[in-house]
Amino acid sequence: MQEQLINFVMYIIYIPIVIIIHELGHALFVVLFGKEVREIQLGFGKDLFRIKKFVVKRSFGWNGGFCSYENIDSLAWYKKVLIFLGGIILNLLTATLVWIFGDVQYADWYRSFIIVSYFTAVISLLPFKSNITKIESDGLQCIKLLNSMKQGK
């Protein structure tokens, strides 16, 4: 019972960490392609606190992250795709590195991080629009971009 409680607490602790890593993945590609990151937020609703471009909101949920950046319309399509998938890429990369290089004796502590990271990556690939935040998933943004290219827009 105690081990299950510890695992549950670890999942709760890792969710915001994984979301921040995800949003930093988007920001990384935005900066790599010469654009400006305006804001990285965790949660939604009213601001709880702000440190420069990082904002923590009062309400929180699984899809509770967002990276705001300047207009990327002038970028090549593949750069836009990398920006949209940047969070997924960083989630998969960090989880895989922890899995490969993590010390087995601490596996009970980092296993939850790996699971939450992979789960976040898979969910982010699914094409949907959040009913709460009205934000489109990374997968939906990619599909829309590829469809607009197909239609010549």
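**Aromatic pairs and one buried glutamine**

Let me start with Tyr118, which is partly exposed, at a relative accessible area of 24%. Please keep in mind that this is a predicted model.

What does Tyr118 pair with? Tyr118 and Trp99 form an aromatic pair. Trp99 belongs to helix 2, residues 77-101, while Tyr118 is in helix 3, and 19 residues separate the two. Trp99 is exposed, because its relative accessible area is 56% and the cut-off for exposed is over 50%.

Now the wider search. Over the whole structure, 4 aromatic pairs turn up. Another one of them joins Tyr14 and Phe113. Here the centres lie 5.6 Å apart and the planes are at 70°, so this pair is edge-to-face; the cut-off for that label is over 60 degrees.

Last, a residue from a strand. Gln41 is part of strand 1, which covers residues 37-42. Gln41 counts as buried because its relative accessible area is 12%, and buried means under 20%. Its side chain comes to 3.4 Å from the backbone oxygen of Gly43. Which residues does Gln41 touch, once neighbours within four places in sequence are set aside? The contacts are Glu23, Val55, Lys57, Gly64, Gly65 and Phe66.

Definitions and conventions
Residues are numbered from 1 along each chain as its sequence is written. This is a predicted model: local features need pLDDT of at least 70, side-chain atom pairs count only at pLDDT 80 or more; totals for chains, interfaces and linings use all residues. Side-chain values use heavy atoms; hydrogens and water are left out. Helices (H or I, at least four residues) and strands (E, at least two) are DSSP runs, numbered from the N terminus. Buried means under 20% relative accessible area, exposed over 50%, partly exposed in between (1.4 Å probe, protein chains only). A polar contact is a pair of N or O atoms within 3.5 Å; within protein, one must be able to donate a hydrogen and the other to accept it, and residues adjacent in sequence count only if both atoms are side-chain atoms. Contact means heavy atoms within 4.5 Å. Rings of Phe, Tyr and Trp (its six-membered ring) pair if their centres lie within 6.5 Å; planes under 30 degrees apart count as stacked, over 60 as edge-to-face and the rest as tilted.
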